[in-house]
Amino acid sequence: MLRWTRAWTAPYRGIGLSNSSFSRLPIAPSSSQGGTEPSWLRFLRLDTSPTLAASPALVFLHGLFGSKTNFNFVAKTLAQQTGRRVLTVDARNHGESSHSPDMSYEAMSKDLQDLLPHLGLVPCVLIGHSMGGRTAMLLALQRPELVERLIAVDISQVETTSSSNFPNYIAAMRAVDMANEASLSGARKLADERLRSVIQSASIRQLLLTNLVEVDGRFVWRLNLDALAQHLDKILDFPARQETYSGPTLFLRGGNSQFLLPSHYPEIRRLFPRAQMQTVPNAGHWVHSDRPQDFMAAVQSFLA
């Protein structure tokens, strides 16, 4: 019997819990914050039966500007098809997780190092898209005993020019004035119109608009845009590492994307010597959204 269970921590900036059945999950302070501020993550957990402990859980990490809900369909489907536990996590400064001035990969890796053992989900299968893929890669390099195997979706540790528009996205979102809008639908319509001049892709605008929420009668972006803007250079780069992760690893790229290229493979194999490369045809950067069936088939084949 499938059941979704949700747990999270103290609300992000002024947004209260809307359902008393939601529980709080304290996560240990992150060392990257000097031990003074706890790192709170919110997540969705999908359990299928009490017998799941024999198989490592699947843990999904979303990309920049995304949230845990980006994986709802594939997470539920893979839980049904594989019988595994599935967790989708909101990164700090995203979704319903707390805001923090630190937006480094080291901090995001530390968040997971605190969360996953707390939930008894180690070792696990980490599946990270874009920014989430780099977080997963760093965690595997730092704490390989926590990661049974790794899937990086349309990202590598090599910086690409495909992310050069991200500063424009943040600037466009910050420039939208929704003070006079009376409804969420009106605010989204206005924001979409304002973003269109900078972001031609309707699918990217729709992704960004999922972050528009109402707080105390005002419409705001739930993303911590200040932290993202300040640390975007850290997000678009990958920390220099010398250690390797020797576990099974899959780098899954979209055939129409420029984020993960064949020219990256030598550098990938330097840190991930058992890496396999696979391309999903007719998929862009958001492989799991563009070609969900092909994406899930690739994941299941890698898990077999």
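**Loops, core and helix packing**

Reader: Where does Ser 130 lie?

Author: Ser 130 is in the loop between E5 and H3. Strand E5 covers 124-129, and helix H3 covers residues 131-142. Helices (H or I, at least four residues) and strands (E, at least two) are DSSP runs, numbered from the N terminus.

Reader: Before we continue, what should I know about the model itself?

Author: It is a predicted model, in which local features need pLDDT of at least 70 and side-chain atom pairs count only at pLDDT 80 or more, while totals for chains, interfaces and linings use all residues. Residues are numbered from 1 along each chain as its sequence is written, and side-chain values use heavy atoms, with hydrogens and water left out.

Reader: Back to Ser 130, then. What is its phi?

Author: Its phi is near 55 degrees, which is positive although Ser 130 is not a glycine. Most residues other than glycine have a negative phi, and most peptide bonds are trans.

Reader: Is Ser 130 buried or exposed?

Author: Ser 130 counts as buried because its relative accessibility is 7%. Buried means under 20% relative accessible area, exposed over 50%, and partly exposed in between, with a 1.4 Å probe and protein chains only.

Reader: Changing topic: which residues touch the most other members of the largest nonpolar core?

Author: They are Phe 65, Leu 126 and Phe 272, in a core of 67 residues. A nonpolar core is a set of buried Ala, Val, Leu, Ile, Met, Phe, Trp, Tyr and Cys residues joined through side-chain atoms within 4.5 Å.

Reader: Which helix gives the most to this core?

Author: Helix H3 does, with 7 residues. The core also draws at least three residues from each of domain 1 (42-160 + 237-303) and domain 2 (165-227), with the bounds coming from an automatic or database domain assignment.

Reader: What is Phe 272 in contact with, beyond its sequence neighbours?

Author: Leaving aside neighbours within four places in sequence, Phe 272 contacts Met 137, Leu 141, Leu 150, Gln 157, Tyr 245, Thr 249 and Phe 251. Contact means heavy atoms within 4.5 Å.

Reader: What other core lies apart from it?

Author: There is another core of 24 residues, which includes Val 74, Ile 127, Leu 250 and Ala 283.

Reader: Let us turn to the helices. How do H2 and H3 pack?

Author: Helix H2 (residues 105-118) packs against H3 at an angle of about 70 degrees, and their axes are 9 Å apart. H2 is therefore roughly perpendicular to H3. Axes are lines fitted to C-alpha atoms, for helices over the stretch in contact, and angles run from 0 to 180 degrees between N-to-C directions. Angles under 35 degrees count as roughly parallel, over 145 as roughly antiparallel, 65 to 115 as roughly perpendicular and the rest as oblique.

Reader: Which residues make that contact?

Author: From H2 they include Tyr 105, Met 108 and Leu 112, and from H3 they include Met 131, Arg 134 and Leu 138.

Reader: What about H1 and H11?

Author: Helix H1 (residues 72-82) and helix H11 (residues 292-303) pack at about 45 degrees, with axes 11 Å apart, and the two are therefore oblique to each other. Among the contacting residues are Phe 73, Val 74 and Leu 78 of H1, with Phe 295, Met 296 and Val 299 of H11.

Reader: Which residues of H1 are buried?

Author: Val 74, Ala 75, Thr 77, Leu 78 and Ala 79 are the buried residues of H1. Asn 72 is also in H1, but it counts as partly exposed because its relative accessibility is 32%. Just after H1, Gly 83 takes a positive phi of about 70 degrees.

Reader: Finally, how many helices and strands are in the chain, and how much of it is buried?

Author: The protein chain has 11 helices and 10 strands, and 56% of its 304 residues count as buried.
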